[in-house]
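Student: Could you walk me through this structure, step by step?

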Amino acid sequence: MPEPSGPSQPSGPSDKSKVILVTGAAGGIGAAIAELAIARGHRVLLTDADEDAALTRARALGERAAAHNLDIRSPADWSRAFDAAQARFGVVDVLVNNAGITHTGLARDLRPQQHRDIVEINLLGTITGVCTALERMTAQGHGHIITVCSMTSFLPLPGYSTYGATKHGLRAFHHSVAIEERDGPLDFTIVHPPSTRTGMLDQEMADPSAAIAFAEKSYAPEQIAKAVVDAMTAKPVEVVFPPLAGRFQRIVGVFPRLMRRAIPIVEAQGRRRRDKLRSAQEIPASGN
């Protein structure tokens, strides 16, 4: 991370300029969140396990961006990231928990370590970050924790058994903590994106077991980023994206019998759309 010119003095949050720590910010949704937040005048510490990629991204975003290495599984890394943000910009006003991974495939086909990786990063890593933020933000008297979760937190999907389990757990953890801290100075928001055009979608394209990801249209990272950055001001409790399709998925997820009948139909639709997309990719573009 570039050396700061001098430590900033801690200050209260401002709608015009907040200090934001974003995880998984080297690419995808996290990078889009950082870019939009900086465009709106905020200061952002981009964190990622890929430090070089985060540094490259931060340099491209200018002086209101900085980067720091963060393995979200490590409590010590979390403390160092908060310290780095404060040294460069001031105390962290908003934590955006965005980092996550998936290994697609049927549960029986994944290796034990793959199941463990998903749980340790998506769930335990985020829990560690929230607990770090709770202590820091409560002490400073303000803070906003935004968790980027997933629509799979409402609806279990084939090919995503452990991934979905972590997102179910993450939503339960997030809301439980928000209730526990209801008399404190912090705000809590959770955002549920649908299928998004990131490297994760490329992984899903290559795996037939993940065909259900293509049942509906995917969204650009910038669209999800807008929902997240807007939430920094509006501070909603929960954001389902997109709103209409999201409501349908939530309803289906409540009723197991309906879910078991509907999901195979949706999966078949996703398989057809995936096959069309793959065929289109394989057709060479014709030149003029």
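Student: What should I know before we start?
Tutor: This is a predicted model, in which local features need pLDDT of at least 70, side-chain atom pairs count only at pLDDT 80 or more, and totals for chains, interfaces and linings use all residues. Residues are numbered from 1 along each chain as its sequence is written, and side-chain values use heavy atoms, with hydrogens and water left out.

Student: Thanks! At what angle do helix α1 and helix α7 pack?
Tutor: Helices (H or I, at least four residues) and strands (E, at least two) are DSSP runs, numbered from the N terminus. Axes are lines fitted to C-alpha atoms, for helices over the stretch in contact, and angles run from 0 to 180 degrees between N-to-C directions. The axes of α1 (residues 28-39) and α7 (residues 221-234) are 8 Å apart, and the angle is about 55 degrees.

Student: Which word describes how α1 lies relative to α7?
Tutor: Angles under 35 degrees count as roughly parallel, over 145 as roughly antiparallel, 65 to 115 as roughly perpendicular and the rest as oblique. With an angle of about 55 degrees, α1 is therefore, relative to α7, oblique.

Student: How many residues of the contact of α1 with α7 are nonpolar?
Tutor: Contact means heavy atoms within 4.5 Å; here α1 contributes residues including Ile29, Ile33 and Leu36, and α7 contributes residues including Ile224, Val228 and Met232. Ala, Val, Leu, Ile, Met, Phe, Trp, Tyr, Cys and Pro count as nonpolar, Asp, Glu, Lys and Arg as charged, and the others, Gly among them, as polar. One residue of this contact is polar, two are charged, and the nonpolar ones number eleven.

Student: Is asparagine 97 buried or exposed?
Tutor: Buried means under 20% relative accessible area, exposed over 50%, partly exposed in between (1.4 Å probe, protein chains only). Asparagine 97 lies in strand β4 and, not counting residues up to four places away in sequence, touches residues including Trp78, Ile146 and Val148. Its relative accessibility is 3%, so asparagine 97 is buried.

Student: Where is lysine 235, and what is its phi?
Tutor: Lysine 235 sits in the loop between α7 and β7 (238-240). With a relative accessible area of 38%, lysine 235 is partly exposed. Most residues other than glycine have a negative phi. In lysine 235 phi is positive, near 55 degrees.

Student: What distance separates the C-alpha atoms of alanine 215 and arginine 43?
Tutor: Alanine 215 is in the loop between α6 (199-205) and α7, and its relative accessible area of 5% makes alanine 215 buried. Alanine 215 and arginine 43 are 172 residues apart along the chain, and their C-alpha atoms are separated by 37 Å.
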